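The following questions and answers examine one protein structure. Please consult the sequence and the model while reading.

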Amino acid sequence: MEAAAIASAASIELRRYDFPRPNEMWELDDEPIFSMSLPRPGGVHGTVRYEAGAAPAQKVGEMMLRPANVRMHSVGEGGVLSILRCRFQNDAFAAVTRLADWDPERLKKCAALQSAPLSDAAKRLRREIVNPGFGGALAIDSYVNLILVEIGRAFRSRKMNPRVKGGLAPWQLARIDERLRVADGAWPSVAELAAECRVSRSHLSRAFAESHGATLADHAAALRVARAK
């Protein structure tokens, strides 16, 4: 442990790890955790896979977010690494970020958060807990809240949520395919799929055709044929 602090919304730790080479871990926490790896020669290399929503493995970045109650499998090269970790209280995280639905598209972004303001806030927090100054407790609280705000903003930016104009978001298309793929017996109705995607039935049919280039009925029929074969 290199440094630690307690804020009103989170507990913060700066730890130096010496991971086995190579390194593989399964992790599950009941509170969301934001982490930032400090630079090291050669950089950080590895992948993570979040279990919820069957999200594929993603390359890790300098900053990561592990949502609460989402199992994560990580594979890395190991070695010595210093990591800043913020473990947020569930209520505080939800109140500020307004993030709750961890669909595959969002989980893909969790592995490598890209946000200059978020990186800057995390670096300021690290400096404050290592060398606390006047008003340190207030500064730490402020940086933690700023990190929460920037996490919420990152997931709302256009770059983090690509969408075909007039169509469905990638996570909605993935959710439809997953429901159709695992259907056993009766296939989900258009109403059920619309509810999964949080849109109306009419919007789902129109937007799916625009995004996919085929109607939902034709797409489902093609999947039926593929499964029969």
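Q: Which residue is the bridge partner of M36 in β7?

A: This is a predicted model, in which local features need pLDDT of at least 70, side-chain atom pairs count only at pLDDT 80 or more, and totals for chains, interfaces and linings use all residues. Residues are numbered from 1 along each chain as its sequence is written, and side-chain values use heavy atoms, with hydrogens and water left out. Strand β4 (residues 33-37) pairs with β7 in the antiparallel sense over four bridges; strands are DSSP runs (E, at least two residues) and helices are DSSP runs (H or I, at least four residues), numbered from the N terminus, and two strands pair if DSSP finds at least two bridges between them. In β7, the residue bridged to M36 is M63.

Q: Which residues of strand β7 point the other way from M63 and L65?

A: In a regular strand the side chains alternate between the two faces of the sheet. Strand β7 covers residues 63-66, and M63 and L65 point one way. All four residues are buried, where buried means under 20% relative accessible area, exposed over 50% and partly exposed in between, with a 1.4 Å probe and protein chains only. Pointing the other way are M64 and R66.

Q: Which strands stand at the edges of the open sheet, each with a single partner strand?

A: Four strands form this antiparallel open sheet, in the order β3-β8-β5-β6. Within the sheet, β5 (residues 46-50) and β8 (residues 72-76) are joined by five bridges, and V48 stands opposite S74. One side of each edge strand is left without a neighbour in the sheet, because each has a single partner; these strands are β3 (23-27) and β6 (58-59).

Q: With which residues is F34 in contact, leaving aside its neighbours within four places in sequence?

A: Contact means heavy atoms within 4.5 Å. F34 is among the residues that touch the most other members of the largest core. Leaving aside neighbours within four places in sequence, the contacts of F34 are M63, M64, L65, L84, R85, C86, F88, L113, L118, A122, I147 and I151.

Q: Is A220 buried or exposed?

A: A220 is found in helix α8 (residues 216-228). Not counting residues up to four places away in sequence, A220 touches L180 and W187. Because its relative accessibility is 10%, A220 counts as buried.

Q: What is the relative accessible area of T97?

A: T97 has its place in helix α1. Leaving aside neighbours within four places in sequence, T97 is in contact with L148, I151, G152 and R156. T97 is buried, because its relative accessible area is 1%.

Q: Which residue meets R87 in a salt bridge of 3.0 Å, N to O?

A: R87 belongs to a network of salt bridges that links E27, D29, D30, E31, R66 and R87. At 25% relative accessibility, R87 counts as partly exposed. Its partner at 3.0 Å, N to O, is D29.

Q: Which helix holds R175, the salt-bridge partner of D101?

A: The closest N and O atoms of R175 and D101 are 3.6 Å apart. R175 counts as buried at 19% relative accessibility, whereas D101 counts as partly exposed at 22%. D101 lies in the loop between α1 and α2 (104-110), and R175 lies in helix α5 (residues 170-182).

Notes
Core = buried A, V, L, I, M, F, W, Y, C linked by side-chain atoms within 4.5 Å. Salt bridge = Lys/Arg side-chain N within 4 Å of Asp/Glu carboxyl O.
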